[in-house]
Amino acid sequence: MTFKIILPLAALGLTTALVGPASAEKIANKVAVFTGLDKITGRTIDFDVYVDETVRFGTLRVTPKVCYSRPATEAAETDGFVDVEEITLDNEIKRIFSGWMFAASPGLNAVEHPVYDVWLIGCRMDSDIPPPVASSADVRVAVSNQASSGAGSVDDGAPVVLSFIGGIPIPPDKPAVPSMMMEDAPTDAPAEAPAGEGTDGQILD
């Protein structure tokens, strides 16, 4: 009889151990914060995107579907489900990523692209960027949310034509930089007059 009572209790304890404590409550945020990297120029910006809004960074279109954070009393953990599309040279839109991004581990589930990188770094409830207009189908360009770097937009949306060697993209040639050296003196300048010239042979005191 005792054995029959202990067995259900042991099973209940095992179930509790497997389930563990209740998971921390997730906070659904309205804005996802991303970092974008241009691998050719080395330029990076942080930019805000509202949930379900599409923003263009270079030739990528970034659309967060959800962005979760945790209460301040819990261990920091930020993740979001994101769709990333590429604008091809034929002006077609091709999805290259759809999945969860983790702010604490950006390399765990990363976007693979030869020119651009984009990853989630945080979530927030509001942004200095105005929210999108529901009736508008326009896709805005990513704007830096870092005041120190200015509020300029990323204006490199034109497709970048690259050469590849062994699968590695080769940066395009940089424009020539004007020389800062002084120009040579003009060759047609009159030669310096020799000493005594113009005195008609007279000896001057």
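Met101, Phe102, Ser105, Pro106, Asn109, Trp119 and Leu120 line the largest cavity. A cavity here is a set of points, on a 1 Å grid over the protein atoms alone, where a 1.4 Å probe fits but cannot get out, and lining residues have an atom within 4 Å of a point. The volume of this cavity is about 30 Å³. Volume is the space filled by probe spheres set on the points, with grid points joined across faces, edges and corners. Searching the whole structure gives one cavity of 30 Å³ or more.

Before going on, the conventions. This is a predicted model, in which local features need pLDDT of at least 70, side-chain atom pairs count only at pLDDT 80 or more, and totals for chains, interfaces and linings use all residues. Residues are numbered from 1 along each chain as its sequence is written, and side-chain values use heavy atoms, with hydrogens and water left out.

Back to the cavity. Its lining has five nonpolar residues, two polar ones and no charged ones. The classes are: Ala, Val, Leu, Ile, Met, Phe, Trp, Tyr, Cys and Pro nonpolar; Asp, Glu, Lys and Arg charged; the others, Gly among them, polar. Strands S7 and S8 (116–124) each supply at least two residues of that lining. Helices (H or I, at least four residues) and strands (E, at least two) are DSSP runs, numbered from the N terminus.

Of the 205 residues, 28% are buried, where buried means under 20% relative accessible area, exposed over 50%, and partly exposed in between (1.4 Å probe, protein chains only). The chain exposes about 14,500 Å², and carbon and sulfur atoms supply 58% of that area. Areas come from the Shrake-Rupley method with a 1.4 Å probe; for residues, only the protein chains shown count as cover. On contacts, meaning heavy atoms within 4.5 Å: among those between residues at least 6 apart in sequence, 53% join residues at least 24 apart.

Next, the rings. How many aromatic pairs does a search of the whole structure find? It finds five. Rings of Phe, Tyr and Trp (its six-membered ring) pair if their centres lie within 6.5 Å; planes under 30 degrees apart count as stacked, over 60 as edge-to-face and the rest as tilted. Tyr68 and Trp100 are stacked, because their ring centres are 6.3 Å apart and their planes are at 25°. Tyr68 is in strand S5 (residues 60–69) and Trp100 in strand S7 (residues 93–102), so this pair ties together parts 32 residues apart in sequence. Tyr68 is partly exposed at 21% relative accessibility, and Trp100 is partly exposed at 33%.

Trp100 has another partner. Phe81 and Trp100 make an edge-to-face pair, 5.5 Å centre to centre with 85° between the planes. Phe81 sits in strand S6 (residues 79–87) and Trp100 in S7, so the parts tied together here are 19 residues apart in sequence. Phe81 is partly exposed, at 25%. Elsewhere, ring pairs link Phe34, Phe47, Phe57 and Tyr116 into a cluster.

Now the largest pocket, with a volume of about 220 Å³. A pocket is an open set of points with protein on both sides within 12 Å along at least five of seven lines. Its lining residues include Asp52, Glu53, Thr54, Asp138 and Arg140. By class, the lining has five nonpolar, two polar and four charged residues.

Asp138 is in the loop between S8 and strand S9 (140–141), and it is exposed at 69% relative accessibility. Asp138 and Val55 are 83 residues apart in sequence, with their C-alpha atoms 9.3 Å apart in space. Asp52 is in the loop between strand S3 (44–50) and strand S4 (55–57) and is exposed at 55%.

Last, the backbone. Most residues other than glycine have a negative phi. Asp52 has a positive phi of about 75° although it is not a glycine. Asn91, also not a glycine, has a positive phi of about 65°. Where does Asn91 lie? Asn91 is in the loop between S6 and S7, and it is exposed at 63% relative accessibility.
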